[in-house]
Amino acid sequence: MSSHLLDIRNLQTNFYTRAGVVRAVNGISLTVDKGEVLGLVGESGSGKSVTGFSIMGLVDPPGRVAGGSIKFKDKELLTQTDAEWRDFRGNHVAMIFQDPMMTLNPVLRIDTQMIEAIRAHERVSKAEAMRRSVEALGMVGIPSPEERIKSYPHQFSGGMRQRVAIATGLLNNPDLIIADEPTTALDVTIQGQILSEMQKLCRKTDMALIWITHDLTVIAGLAQRVAVMYAGMIIEQGPVQDVLDNPLHPYTEGLIGSVPGRNRRGQKLYQIPGTTPSLIDLPPGCPFRMRCPRATDVCLEVPPVTTYAEGREVCCFHPGEYQSQPTTERSS
Amino acid sequence: MTDAATPFVRCENISRVFEKKLDFAGKMARSLGSNVREERVQAVDSVNLRIMPGEVVSLVGESGCGKSTLGRMICGILAQSEGKIFYKGKDVATMSVAEKLDYAINVQMIFQDPFASLNPRKRVRKIIGEAPLFHGLTTASELDEYLDGVMNQCGLDPSYKNRYPHQFSGGQRQRIGIARAMAVQPECLVCDESVAALDVSIQAQILNLFMELRENLNLTCLFISHDLGVVEHISDRIAVMYLGRIVESAPVDDLFDAPFHPYTQALLNEVPRLDKRGVDFSPLVGEIPSPLDPPTGCHFHPRCAHAMEICKQEVPQRREVAPGRWACCHLNG
Amino acid sequence: KDLTLGLKGEPTSLDPHFHNVTNNNQQALYLFDKLIRQDSRQKLQPGLAVTWKPIADTTWEFKLRKGVTFHDGSPFTAEDVKFTLERIPNVPNSPSSFTFAVSAIKEVEIVDPLTIRVHTENPAPLLPRMFASFTIVSKKNAQGMTTEDFNSGKAAIGTGPYKLVEWVRGDRTVYARNDAYWGEKSPWEKIIIRPITNDGTRVASLKSGDVDLINFVPPADVKHLEKDSGIKLSKSASTRLIYLHLDSNRDVTPTVTGNDGSVIKNPMKDSRVRKAISKAINREAIAARIMEGLAIPASQMVPDGYAGTSTKLKAEPYDPQGAKALLTEAGYPDGFKITIHGPNDRYVNDGDIAQAIAQMLTKVGIRTEVNTMPKAVYFGRASALEFSLMLVGWATDTGEQSNCLASLLHTYDKEKGFGASNRGRYSNPLVDQKLEEALVTVDPAKHNQLIIEATEIGIGDTGIVPIHYQVNVWGSRKGLAYNGRTDGYTLPREIIVK
Amino acid sequence: MAVFNSESLFWQAVKEFFESRVATIGLIVLAITIGVALAAPYISPQNPYDLMGIDIMDSKLTPGSASLDGSITYVLGTDSQGRDMFSAILYGLRISLGVGVVSTLIALVLGAVIGLWAAYQGGKTDAFIMRTVDLQLSFPAILVALILLAILGKGIDKIILALVMVQWAYYARAIRSNVLVERNKEYVEAAKCLALPQRRIMFSHVLPNCTPELIVISTVKVAGAIALEATLSFLGLGMPITKPSLGLLIANGFKYLQSGYYWISVYPGVALLILIVCINLVGDRLRDVLNPRLKR
Amino acid sequence: MLAFLIRRITQSAVVLLVMSVLVFVGVFYIGNPIDILIAPDATPAEYARAVSELGLDKPLWEQYFVFLKGALQGNFGNSFVYNEPALQIILTRLPATLELAFTAMFMAVFLGIPLGMVAGIQHDNWIGRNIMRFSILGFSLPTFWVGLMLIIIFSVQLGWLPSGGRGETVELMGIPVSFLTWDGLRHLILPATNLALFKTSLAIRLSRAGVQENLQMDYVKFARAKGLSNTRIIGLHVMKNIMIPVITVLGMELGNLIAFAVVTETIFSWPGMGKLVIDSIGVLDRPIIVAYLLITVTMFIFINLLVDVFYSILDPRVRLGDER
Ligand SMILES: Nc1ncnc2c1ncn2[C@@H]1O[C@H](COP(=O)(O)OP(=O)(O)OP(=O)(O)O)[C@@H](O)[C@H]1O
Ligand SMILES: Nc1ncnc2c1ncn2[C@@H]1O[C@H](COP(=O)(O)OP(=O)(O)OP(=O)(O)O)[C@@H](O)[C@H]1O
Ligand SMILES: [Mg+2]
Ligand SMILES: [Mg+2]
């Protein structure tokens with residue numbers, strides 16, 4: 001199937017540290033279509049960011065993509081030269097990071113940082129680049145962008161900075177934006193604003209979005225599809241409705257169970273026992289089996305990926321019962 | 001001695017101002033026409049709050065609105081600039097030294113950052129055991145036993161006593177922080193964003209631990225958080241803060257069912273929920289104003305959909321809008 | 001054409017009467033002339049004065065040279081001499097002036113433009129010696145001028161062999177030949193003087209050819225420079241005496257203790273102990289090992305052959321046995337403890353000499369500590385009599401022994417101005433009496449005899465312990481040589497071109 | 001992802017330290033140097049400070065020569081006083097190290113106390129102390145030392161005093177700023193909340209957390225102090241001439257450098273370099289190992 | 001900004017005042033300059049005359065007030081030795097020292113920062129390691145020792161460069177400078193290198209640490225995610241960030257450099273004020289010592305002020321009024 005915008009097959013990304021090999025991304029497969037919003041959830045250290053960096057070709061040493069393939073618009077990315085990577089980044093795919101305080105260079109003005117993003121890919125005049133930057137800032141809801149663009153990052157609040165980062169990502173009209181927990185550091189009200197802007201943008205431009213987060217509730221509101229990561233693997237993926245209402249993997253189930261909310265007020269929350277394992281020298285087999293209530297001896301093998309329906313996959317020997325449900329119509 | 005009618009802690013119009021005064025040079029510069037000014041942050045602005053024994057009160061609000069400051073004043077690690085704090089009905093300011101110590105020990109704080117809140121150079125034994133030993137809650141010879149008890153209570157393996165904090169995971173560290181507070185047998189915990197830095201699964205563990213402790217020991221809690229989901233789950237009563245003021249306080253169900261203050265309404269509207277799928281986000285507009293330069297009148301008026309002329313001029317008074325529910329809003333006037 | 005000299009020091013001023021110190025006096029001779037010159041052995045020679053003679057007990061007459069002009073072309077006359085003599089005591093802020101040289105004068109009488117008479121209060125046998133110490137400035141150019149004007153060059157106009165081109169303090173002084181000079185003509189059109197204080201750097205500059213000639217070649221470098229075919233060394237004994245002054249007057253002296261650390265009576269009041277100290281010192285070894293042969297063991301205050309030196313006095317031979325015997329005789333069979341003080345930046349290898357002496361004294365039983373310090377601190381403390389045994393140097397610029405005797409061995413007498421540098425407070429009435437008599441004896445032979453007698457008595461009594469006379473060394477590039485001077489001056493007229 | 005192992009921070013740091021080969025070599029050489037310096041009176045063939053034992057007739061002998069009376073062989077030659085260079089270097093190392101370490105320690109303690117006090121008291125006291133520190137730091141160190149030594153004269157105590165004077169302010173400032181940072185950390189608030197007395201918090205919680213950086217600073221400063229002492233001795237201030245430190249040995253040999261008596265200056269110079277380089281290597285590594293910014 | 005300036009100026013005034021008192025008392029305790037200056041055979045009367053000429057017979061506090069009165073009018077008194085205004089003597093020596101210090105600083109900046117950046121980027125290979133080794137060495141070698149070695153190697157052994165002195169100068173805007181003539185440049189190289197070595201090492205270490213720290217920052221990753229080239233990231237983004245601490249520290253060190261010129265000037269007979277002051281300490285020429293210190297410290301203060309202002313220009317986050 002070559003119609004996917006992004007098609008990741010069996011991606012492996014390892015960090016070769018002194019303590020041992022960290023298998024941060026351990027054979028994941030994932031697709032994203034045009035205009036689709038994919039939520040990537042998982043606990044800290046499960047490999048979400050590394051997945052994003054792998055797509056961008058930004059895995060820092062001692063890390064390296066060790067195997068698999070990433071196709072973007074049917075073009076294999078992993079065999080690209082440095083120059084091709086440079087042209088690809090920020091042009092076709094943009095990435096936004098978690099901490100808005102750190103992503104902008106504190107000593108350069110916003111305009112410098114935006115204009116250079118355009119001029120790295122296109123030969124346009126400074127004035128033209130400036131005009132487009134102002135436009136992009138306006139798009140993400142920054143008031144009086146013509147003036148504000150002359151500011152330094154520290155003159156903006158966290159939410160504003162994140163908007164600037166998003167606007168910078170939008171400058172070259174990418175087909176895909178990878179947003180790595182862009183609202184985690186922000187207040188609820190500001191998070192709401194950013195989510196709303198992103199939603200509007202995606203609808204308007206038909207841009208695809210990978211939204212990385214550990215917050216299931218955000219995914220619930222924003223994404224159409226969700227992929228759940230655990231210890232470098234995608235253990236379950238499918239349409240949001242489906243996964244949240246009918247989790248198949250015990251981990252997903254546990255995760256949903258541990259979200260506090262009114263429904264279970266005063267009661268004990270569901271508690272996944274134990275802690276996330278170290279990714280160094282992870283024992284073979286299902287990585288979740290040490291914490292899994294359903295684990296049996298078969299789990300000593302790596303579980304296969306079972307496909308239930310188009311895009312509805314789980315990686316477990318003991319999945320929950322699948323109630324075939326019609327996938328929700330995508331809101332568009 | 002705590003009868004049900006006396007609040008465990010009661011704050012009466014307490015305020016806290018952080019000021020940076022101008023020094024000699026600054027004053028001189030100002031008289032020469034420079035625009036330097038004294039920086040004055042009213043972090044907490046005449047807040048009234050009562051926490052009944054055994055109650056869990058939550059404090060929610062956006063970043064910088066003064067939640068931590070209020071919490072720290074209640075804990076006694078920060079002095080208030082104005083107002084009074086009553087502990088079990090007694091004004092803290094007029095207490096004797098022994099009573100003050102009793103108060104200080106009885107109200108303990110749990111912190112946000114599981115990394116920064118533990119002294120990296122001390123073993124767990126010392127971290128947890130220092131204070132009970134110092135305050136004579138146990139003796140050096142019985143310390144080990146005492147620690148075992150406390151650590152078990154907080155879900156920590158007592159055999160980890162001789163480890164250093166960096167040898168634990170985030171969740172375990174947070175448990176150590178809780179154990180440290182519990183070791184002095186407090187009656188009240190002030191939890192300042194104590195689960196904010198944790199992963200969901202770990203957060204669930206810690207929240208469960210809180211609830212367990214609370215039930216078993218009948219602890220009183222002030223729970224500071226900006227995560228409404230957590231707050232909803234754990235608390236009896238909620239106080240919503242906006243820029244140093246409590247704008248609304250109500251029992252949890254009432255508040256979630258029928259938020260009164262426009263800010264509370266907006267806030268609740270923002271909360272993403274598992275059961276809200278594919279929503280259209282319709283956010284609260286505007287930035288959080290700078291506490292250095294707060295808006296006049298009702299602090300919320302620039303972002304409020306219902307703002308009236310009076311909101312710009314007058315600070316709305318606290319009124320009981322329903323039994324057990326207070327709010328500060330002119331809509332109510 | 002040009003000559004570049006690398007000299008150890010720099011004048012503090014070009015005002016020839018401002019500061020009586022070697023570097024100033026030396027460079028004054030480039031611009032100015034004295035009435036009476038000193039030759040390289042410090043014998044008196046006609047300078048701007050052609051002849052001088054006493055015409056009465058208290059009157060000296062000087063005949064001046066004819067046809068001498070200043071750099072600006074104005075003629076040199078008796079007026080200039082008179083002006084100079086009057087200027088000397090009146091240089092403002094002078095830290096060390098030449099007033100001593102003119103203090104005997106009662107009146108200056110100009111007989112005609114080329115004859116001048118100097119009347120003194122008392123007989124002044126040493127007046128020509130005194131007049132050989134300062135240079136003559138031009139009345140026309142120096143009247144009303146300050147030290148600063150000399151430094152800037154405005155008033156630095158003399159009769160000397162060179163004219164001032166520029167003085168960049170700390171970096172260089174440039175002179176141009178005075179073509180109208182009355183004396184021997186300079187072979188160089190321009191002379192550049194570079195002050196290079198650091199010994200190593202100075203030698204290195206010579207080796208690298210940056211300068212043509214340097215003074216004060218450090219003894220340590222002599223050996224290897226001698227091997228260098230591109231370099232020529234010239235040595236010359238100097239009048240610089242290195243000696244020990246001992247506290248020989250006080251009952252208790254600051255740094256002497258018994259071997260157990262207890263305070264004891266000053267042993268150096270006893271002339272036998274002083275003698276023992278002198279005998280304990282191996283002067284030959286110091287000259288050979290520390291000075292690399294560039295020192296001459298000293299027997300008295302000025303080297304042999306100078307006016308007022310005794311032929312009887314010989315350098316004290318090294319005799320540790322004799323020293324021990326004398327100590328025993330004086331009642332110190334086990335010696336005592338003492339500290340020798342010395343400067344560390346004043347004389348050639350001063351620190352090393354002090355250490356070597358300490359070593360030698362320790363070996364005869366006088367346990368000696370060494371304390372050296374910068375001259376800045378040292379001389380003040382020495383004059384304040386804080387020391388018991390000190391290493392000092394003395395250069396007899398006048399070329400005869402009397403002022404040395406008066407300063408070092410005469411009983412300290414503030415009123416009469418005797419014993420100014422008698423930091424050991426040595427006192428011997430016999431020495432005092434002979435010297436005072438000599439100073440009013442105009443007859444040269446009698447004067448000389450009295451001085452010799454005083455010296456023999458003082459040295460025989462070990463009023464000071466002479467160590468050695470320094471030998472000065474100049475280094476020059478091949479093709480040049482220096483005819484050394486006992487006063488250590490580096491003057492172009494002594495440079496020999498081959 | 002936390003890695004669980006049962007070692008204390010200290011041992012972890014030690015282990016990490018030895019992962020660098022250069023630093024390990026540096027430490028070993030330094031240890032040997034220190035050992036040799038401490039044992040100098042027992043292992044050196046001559047006591048170079050005892051005037052009885054040295055003879056001027058043995059002066060400036062080339063390395064390997066025997067003494068005049070044949071009693072010792074001067075492996076590294078002799079200086080202008082006939083002192084055995086090898087012994088002199090051992091003793092010189094002792095002095096250099098001693099001066100460096102002692103002055104740094106005193107300055108460290110003094111600075112720490114003053115800085116801590118300033119941070120603890122705050123307000124006017126703090127302002128006054130910090131202005132004094134500024135004043136001290138606005139003099140270049142070498143000038144302060146120069147003038148001080150000119151006033152004080154010579155001796156090991158004086159040079160230590162001078163070095164302390166030029167260093168303490170630095171530590172006071174470092175400690176204070178560290179304390180101000182540490183003091184705002186949550187674990188200090190926790191201690192406050194546990195009603196532990198302020199003094200206890202300062203000394204037993206805050207101060208230990210400032211020490212790693214102090215250790216790093218002070219190792220480097222020891223090297224600096226040694227170099228400064230050498231420089232001062234070279235300029236003729238500092239140690240008395242009969243008790244030469246390495247700097248003074250170098251200075252004494254300086255005038256002989258071009259004369260072919262290279263050993264008088266070169267060997268002490270080499271010893272000084274080894275000493276300082278090793279200390280700096282160790283300090284550098286310590287910085288890497290202990291620097292909290294490079295790690296979590 | 002104004003408050004900042006006022007604060008700084010008051011502080012500086014106090015510093016200068018305290019310092020002048022300390023130096024006055026200090027020099028007084030070292031000894032009496034007359035003992036050194038006067039000819040050894042001078043009579044006591046002569047001695048007394050000299051003492052009173054220089055005003056040294058007055059009580060110390062009176063001498064101090066005389067000095068203070070003059071100093072406020074820009075007159076630091078006449079040098080005891082040179083009998084010229086101390087200030088003027090120092091000012092004639094100042095350009096030489098400044099030239100030396102600035103050249104050294106120039107070398108440190110233009111050698112140290114690039115090398116440090118290379119070492120930071122290539123921290124894992126031999127280039128980076130060797131740069132670091134060099135910097136450790138440069139950090140460790142005492143200045144005087146390096147000076148010695150430079151002379152021995154480059155002027156004695158190889159004979160390439162002169163061993164001391166300043167060489168030919170030309171006037172540049174009324175100030176004599178030597179770097180514009182070939183001869184002057186040759187004289188400048190060795191002492192400047194000597195003086196620069198330590199600061200170069202410092203610059204290397206600072207910029208290496210800065211590069212390593214900054215390369216880990218999110219903004220670098222974000223810049224790469226924008227598709228920027230490495231050259232631009234290092235050359236602009238990282239560079240601008242590391243310049244802030246490096247320039248600040250080096251700026252502060254400039255004062256120290258001027259002070260440390262004392263050693264270099266002594267070794268290379270560089271006619272700057274460092275050498276002058278060593279000589280003046282030698283003869284206790286108090287007016288010079290005091291004036292020198294006051295000038296150095298004033299320069300120090302002024303440089304620090306400039307650095308702070310510069311810092312606020314480089315780093316937009318800093319506002320000068322905020323400090324303390
Ligand atoms: N530079 C690195 N060196 C070694 N290991 C690394 C490095 N970067 C990431 N890892 C490891 O890779 C794993 C996945 O990391 P990643 O940053 O992708 O997690 P994440 O899911 O984004 O977590 P978070 O929610 O905390 O951002 C972790 O176990 C981490 O320890
Ligand atoms: N020590 C202090 N000095 C000056 N201002 C302070 C201080 N502590 C807090 N403030 C200011 O007081 C205001 C309230 O701070 P506080 O920490 O109580 O907020 P918060 O509600 O806890 O925020 P967050 O959710 O980010 O923790 C903020 O504007 C803060 O800048
Ligand atoms: Mg991440
Ligand atoms: Mg807070």
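**Terms set against values**

Modeller: Sorted by class, the shell around ligand 2 holds five nonpolar, five polar and three charged residues. The model is predicted, so local features need pLDDT of at least 70 and side-chain atom pairs count only at pLDDT 80 or more, while totals for chains, interfaces and linings use all residues. Residues are numbered from 1 along each chain as its sequence is written, chains are lettered from A and ligands numbered from 1 in the order in which they are written, and side-chain values use heavy atoms, with hydrogens and water left out.

Colleague: What makes a residue one of those that surround ligand 2?

Modeller: A residue is near a molecule if one of its heavy atoms lies within 4 Å of it. For ligand 2 there are 13 surrounding residues, and the closest are B:S63, B:G64, B:K67, B:S68 and B:T69. As for the classes, Ala, Val, Leu, Ile, Met, Phe, Trp, Tyr, Cys and Pro count as nonpolar, Asp, Glu, Lys and Arg as charged, and the others, Gly among them, as polar.

Colleague: How much of ligand 2 does the protein bury?

Modeller: Ligand 2 taken alone exposes 630 Å², of which the protein buries 64%; these accessible areas come from the Shrake-Rupley method with a 1.4 Å probe.

Colleague: Which element gives the most to the shell around ligand 2?

Modeller: That is α2(B), with three residues; helices (H or I, at least four residues) and strands (E, at least two) are DSSP runs, numbered from the N terminus.

Colleague: Which residues come nearest to ligand 1?

Modeller: Of the 14 residues around ligand 1, the nearest are A:S44, A:G45, A:K48, A:S49 and A:V50. An oxygen atom of ligand 1 is 2.5 Å from a side-chain N or O atom of A:S49, and a polar side-chain atom of A:E181 lies 2.9 Å from an oxygen atom of ligand 1. Ligand 1 taken alone exposes 630 Å², and the protein buries 71% of that. The largest share of its shell, three residues, comes from α1(A).

Colleague: Why is the pairing of E:R205 with D:D284 called a salt bridge?

Modeller: The term requires a side-chain nitrogen of Lys or Arg within 4 Å of a carboxyl oxygen of Asp or Glu. The closest N and O atoms of E:R205 and D:D284 are 2.4 Å apart, and so the pair meets the rule. Across the interface of chain E and chain D, the rule finds one salt bridge.

Colleague: How many residues of chain E are in contact with chain D?

Modeller: Contact means heavy atoms within 4.5 Å, and 35 residues of chain E are in contact with 37 residues of chain D.

Note on methods
Polar contact = N/O pair within 3.5 Å; in protein donor to acceptor, adjacent residues only side chain to side chain.
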